[in-house]
Amino acid sequence: MSEPTTLLLVRHGTTDANVRVPYILQGSGMDLPLNDNGQRQAEQVAEFLASFPIQHVYASPLLRAVQTGESISARHSLQVQTVSEIVECNVGVWEGKNWDTIAGEHPKEYVEFHRDPAINPYLGGESYADVLRRALPAVTRLLEQHAGQTIVVVAHNIVNRVILAEWLGLDLRRAKDLQQSNCCVNVVRCDAGRPIVTTMNATFHLSASLG
């Protein structure tokens, strides 16, 4: 019997946008580096994954994901390979804005998006379904390409949410309720072609002060 494929699906570490108060949207149009806290988180997740038999590390081309992936890959003498299809959601004209501002400027679109982000996109950007359509085939292709191996994919909040929702059999509108903390680890086993989520949003490797 062949070995199962293991996917370690990681969210990138924090950037300044992630810790802004009030929180602002950071989609594919904002390419910030990890902040000091995010760099510490990346080192902590790298240390946690150092004992795993990782053979490949993939990341979104956005800097925050690449930098997180580089911390992980360095422990295994690997190079990060970027995958354009797993870039974060295009949040359109809401990029860099907080939800209160968005609700005031675009009340109709705000309500529709929160009612069902699967079919109602960020204004001028993508819906959750759009993200799933481009990201899932790419990740599925990696699983098929590396059958029997352990791989890391460093992606983003919405990308991870929609893929996990699909594999958990959830209605896509509920993907917004799935928590994906910065530098969390999701463990997915793929046996006989069927992905099974065994661990989700694990953050016990992060110091309490880092969130």
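**Contacts, helices and backbone geometry**

Analyst: In this predicted model, the side chains of Q26 and T15 make a polar contact at 2.8 Å.

User: Where does Q26 lie, and is Q26 buried or exposed?

Analyst: Q26 belongs to the loop between β1 and α1. Its relative accessible area is 7%, and since a residue counts as buried under 20%, Q26 is buried.

User: Which residues does Q26 touch, not counting residues up to four places away in sequence, and what separates the C-alpha atoms of Q26 and G96?

Analyst: With those sequence neighbours left out, Q26 touches H12, T15, A17, N18, L32, R64, E88 and E95. G96 is 70 residues away from Q26 along the chain, yet the separation between their C-alpha atoms is 5.9 Å.

User: How do the axes of α1 and α2 cross, and what is the handedness of the crossing?

Analyst: Helix α1 covers residues 36-49 and helix α2 covers residues 63-74, and their axes come within 8 Å of each other. The angle at which these axes cross is roughly 35°, and the crossing of α1 and α2 is right-handed.

User: Which residues meet where α1 and α2 are in contact, and how do they divide into nonpolar, polar and charged?

Analyst: On the side of α1 the residues are A42, E43, V45, A46 and L49, and they meet T68, S71 and I72 in α2. The residues of this contact divide into five nonpolar, two polar and one charged.

User: Which residues of α2 are buried, and against which elements do they pack?

Analyst: Helix α2 has twelve residues, and its first and last C-alpha atoms are 16 Å apart, close to the 16 Å expected at 1.5 Å a residue. Its buried residues are R64, A65, V66, T68, G69, S71, I72 and S73. These buried residues of α2 pack against β1, α1, β2, β3 and β4.

User: How many residues of α6 are buried, and against which elements do they pack?

Analyst: Helix α6 is mostly covered, with ten of its twelve residues buried; among them are N157, R161 and W167. The buried residues of α6 pack against β1, α5, β4, β5 and β6.

User: Which residue follows α6, and what is its phi?

Analyst: The residue that follows α6 is G169. Its phi is positive, with a value near 75°.

User: S77 and C183 have a positive phi although neither is a glycine; are these residues buried or exposed?

Analyst: Most residues other than glycine have a negative phi. S77, in the loop between α2 and β3, has a phi near 55°, whereas C183, in the loop between α6 and β5, has a phi of about 65°. The relative accessibility of S77 is 72%, so S77 counts as exposed, while at 0% C183 counts as buried.

User: Which residues are joined by a cis peptide bond, and what is omega there?

Analyst: Most peptide bonds are trans. The cis peptide bond joins V21 to P22, and P22 is found in the loop between β1 and α1. Omega at this bond is about 0°.

User: What is the relative accessibility of A59, and how far apart are A59 and A155 in space?

Analyst: A59 has its place in strand β2 and, at 0% relative accessibility, counts as buried. Beyond residues up to four places away in sequence, A59 touches A65, V66, V80, Q81, T82, V83, I86 and V154. A155 is 96 residues from A59 in sequence, and from C-alpha to C-alpha the two are apart in space by 6.0 Å.

Key. Residues numbered from 1 in each chain as written. Predicted model: local features only at pLDDT ≥ 70, side-chain atom pairs only at ≥ 80, totals over all residues. Heavy atoms only, no water. Axes fitted to C-alpha atoms, helices over the stretch in contact; angles between N-to-C directions. Helix = DSSP H or I, 4+ residues; strand = E, 2+ residues; numbered from the N terminus. Left-handed = near helix turned anticlockwise from the far one by under 90°. Contact = heavy atoms within 4.5 Å. Nonpolar A, V, L, I, M, F, W, Y, C, P; charged D, E, K, R; others polar. Buried < 20%, exposed > 50% of the residue type's maximum accessible area, 1.4 Å probe, protein only. Expected span 1.5 Å × (residues − 1). Polar contact = N/O pair within 3.5 Å; in protein donor to acceptor, adjacent residues only side chain to side chain.
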